[in-house]
Amino acid sequence: MHPTSRAFRANATAALSNKTLQQAMANLGFRQKRLEAVARLPEFDALRDQARDIKNHTLQHLDFYLEAYEAKVRDSGGQVHWCRTPEEARQTILGICRSLNARSVTKGKTMIAEEIALNPFLEENGIAPIETDLGEYIIQLRNEPPSHIIAPAIHVTKEQVADSFLEKHAIYGKTRRLTEPREMLEEARGILREKFLRADVGITGANFLIAETGSSIIVTNEGNGDLTQLLPRAHIVLATPEKLVPTLEDVSTILRLLARSATGQEFSVYTTVSTGPRRTEDPDGPEQYHVVILDNGRSAMLGTEFQDMLRCIRCSACMNHCPVYGAIGGHAYGWVYPGPMGAVLTPSLIGVDQAGALPNASTFCGKCESVCPMKIPLPKMMRHWREREYERRLSSTVSRYGIALWAFLARRPALYHLATGWAARVLGRLGQRHGNFENLPLAGGWTRFRDLPAPEGKTFHQAWAERPLRTQDR
Amino acid sequence: MSEKPRVGLFVTCLVDLFRPTIGFAAVKLLEKAGCTVEVPASQVCCGQPSYNSGDKADTKAIARGVIQAFEPYDYVVAPSGSCAGMIREHYPELFADEPALMPRVHHLANRTYELVSFLVDVMGVKNVEARYPGVATYHDSCSGLRELGVKEQPRALLASVAGLAVKELPGAETCCGFGGMFCVKYPEISNRMVADKAADIQATGADTLLAGDLGCLLNMAGKLTREGSTVKVRHVAEVLAGMADAAPPIGRKRQGP
């Protein structure tokens with residue numbers, strides 16, 4: 001996926017005036033549902049501490065757990081493929097598909113596949129990728145990337161879905177424009193059922209990899225993941241190293257947080273554990289079980305100030321609660337991961353020179369950190385990216401000079417007070433008539449949308465120095 | 001009277017420049033609560049503008065000035081959750097690589113408070129002698145709320161203001177879109193956030209908006225006047241100190257001749 005993160009501000013501005021998008025984003029129910037789910041679980045906060053500690057421990061000993069995991073996958077008859085780059089991961093997947101003469105591939109929801117732009121790559125190589133998560137299916141029809149990590153079509157209205165179905169389902173003889181979500185679901189399900197049965201390979205992501213058993217876990221609400229991984233001849237799990245968790249017990253701790261943080265469910269409808277290919281006594285399952293583990297810059301985050309980001313379990317609570325994400329939606333962020341987690345992760349994966357705007361697009365209101373089940377200090381890491389950007393002189397010249405000038409004064413109190421005393425007097429006098437400014441030179445960013453309240457006329461320090469002694473007697 | 005705690009008032013750069021009345025209201029409240037208040041003249045700013053722009057070196061230089069200026073006091077109090085949060089929560093992080101300075105950093109951080117929470121939690125103030133006729137709604141500024149736990153304290157004191165009714169603001173904990181430099185770096189997004197906030201404020205029917213941070217107040221007041229709203233905007237300290245007559249509401253002209 002070609003990043004457009006450098007055009008973040010233009011993307012965001014377009015999103016704000018996109019009426020259809022604003023209509024689609026108007027009623028995000030996630031916040032209230034999370035709030036209610038958390039209120040029903042008194043130990044929620046204690047679980048957050050436990051979950052954080054589990055992941056911290058795992059990351060501390062990641063080499064050990066990765067090797068233990070690979071050994072267990074091998075024991076169960078599966079195979080682990082280590083890939084450093086998106087290209088290595090794409091080639092590995094293509095190799096597996098080719099070895100099976102695969103024509104079509106069903107896919108459960110995986111953000112890593114977005115990260116490596118798998119669908120266009122498979123298409124170029126004559127293999128049809130079929131998204132089976134309803135949201136992913138919708139945006140595949142619309143030829144769009146996801147705008148949210150668990151609700152990929154959250155930016156699409158019901159009417160737009162109906163239009164896409166009418167246009168793309170005509171080839172299946174479906175020519176009636178649908179109006180009810182239920183009908184749309186049933187139509188998509190009918191079409192997908194056929195494709196599930198014909199697919200040669202199924203690709204899923206993984207919410208967790210378990211070192212103790214060599215298993216992968218996916219959590220879904222539609223059951224599409226199970227059909228994706230059980231019906232074809234091969235199941236490919238596409239994952240990244242930080243999905244690792246030591247034991248099943250550890251996973252069950254984190255699972256208690258995941259769905260509650262994401263959708264406000266106590267548990268997602270399906271929690272599917274896969275271990276190796278089909279055994280002789282199994283009624284069904286794939287003949288081959290492959291795990292493709294893509295690093296793509298993640299190991300370089302270990303030991304840095306961005307390591308905590310590797311605790312992320314992709315619940316989406318941060319973006320669901322982010323006022324910036326809520327205003328502009330996910331596409332404005334310009335790459336795979338939107339919202340606060342994207343603002344931290346994207347610069348790590350594609351470079352702060354590409355994605356520097358994202359960690360700047362935050363008021364540091366702290367809501368994301370307060371709802372993160374893994375207690376990831378997202379604002380702090382966004383600030384670290386701003387520091388990297390500043391060190392490398394990537395931030396805009398205007399803002400750099402502005403800050404430098406301000407800091408020059410702020411480091412010299414006498415000079416600073418002289419300057420602010422003058423500014424307060426001049427602005428105070430100019431603003432006297434209305435009490436505010438409708439526009440002011442150099443303050444266009446402020447006054448374009450709001451008035452600037454006028455200063456009172458003297459600084460506090462001036463007024464304090466001139467105060468009659470009575471203030472001390474009160 | 002040597003028992004009186006000695007408080008260094010951290011005025012904050014915005015209050016200093018835009019609205020000294022808030023500083024005087026803070027002094028009045030602190031003195032009333034039994035403190036001796038001093039205002040170190042060498043103070044400037046907590047350093048957030050450079051800190052949040054990634055300029056760590058300048059921030060440290062500015063923070064060193066704050067550490068020095070406020071060394072002698074029993075407490076440091078700011079009429080802002082954002083600035084108090086910077087000193088309390090972020091200075092220790094900022095100087096994490098300078099262990100020699102850490103004792104002084106922690107000494108300052110541990111004694112620094114946001115004004116209203118200091119009055120209630122440290123000085124045990126339960127009510128104020130003030131009168132403000134009207135209906136107010138209260139916005140919880142992000143840093144004070146999430147970094148310092150300022151939530152109930154202003155509501156508790158406002159409940160003792162004669163003539164005042166407080167109506168809760170739906171979405172009171174949602175950011176107003178100020179965010180320091182954010183509001184001028186991403187004015188379109190900031191505008192959307194403050195427009196939503198202004199709509200929520202006006203929907204309460206309150207005649208006054210109060211909050212504890214001047215940055216947010218300037219942002220919300222500026223939006224409300226731009227939209228032609230009659231809602232009066234003030235820092236909570238002005239009302240608690242009974243000083244609403246000392247200055248017109250934020251962004252309004254002085255009445256009379």
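## Exercises on a predicted model

The axes of α11(B) and α12(B) come within 9 Å of each other, crossing at roughly 75 degrees. The model is predicted.

**Exercise 1.** Work out how α11(B) is oriented relative to α12(B), and which residues make the contact.

*Solution.*
1. Start with the angle: the two axes cross at roughly 75 degrees.
2. Apply the cut-off: 65 to 115 degrees counts as roughly perpendicular.
3. Therefore α11(B) is roughly perpendicular to α12(B).
4. Now list the residues. α11(B) supplies Val194(B), Ala195(B), Lys197(B), Ala198(B) and Ile201(B). α12(B) supplies Asn219(B), Met220(B), Lys223(B) and Leu224(B).
5. Sort them by class: six are nonpolar, one is polar and two are charged.

**Exercise 2.** Describe the side of chain B that touches chain A.

*Solution.*
1. Count residues: 62 of chain B are in contact with 56 of chain A.
2. Find the elements. Those giving two or more residues to this side of chain B include α2 (20-32), α4 (56-69), α11 (187-204) and α12 (214-226).
3. Sort by class: this side has 30 nonpolar, 16 polar and 16 charged residues.

**Exercise 3.** Locate Val292(A) in the largest nonpolar core and name residues that Val292(A) touches.

*Solution.*
1. The largest nonpolar core has 214 residues.
2. Val292(A) is among those with the most contacts inside this core, as are Ala26(B) and Met220(B).
3. Leave out residues up to four places away in sequence. Val292(A) then touches His81(A), Cys83(A), Ala89(A), Thr92(A), Ile93(A), Ile236(A), Val237(A) and Leu238(A).

**Exercise 4.** Summarise chain A.

*Solution.*
1. Chain A has 25 helices and twelve strands.
2. Of its 474 residues, 49% count as buried.

Definitions and conventions:
Residues numbered from 1 in each chain as written. Chains lettered and ligands numbered in written order. Predicted model: local features only at pLDDT ≥ 70, side-chain atom pairs only at ≥ 80, totals over all residues. Contact = placed C-beta atoms within 7 Å. Helix = DSSP H or I, 4+ residues; strand = E, 2+ residues; numbered from the N terminus. Nonpolar A, V, L, I, M, F, W, Y, C, P; charged D, E, K, R; others polar. Axes fitted to C-alpha atoms, helices over the stretch in contact; angles between N-to-C directions. Parallel < 35°, antiparallel > 145°, perpendicular 65-115°, else oblique. Core = buried A, V, L, I, M, F, W, Y, C linked by C-beta atoms within 7 Å. Buried ≥ 20, exposed ≤ 12 C-beta atoms within 10 Å, placed from the backbone.
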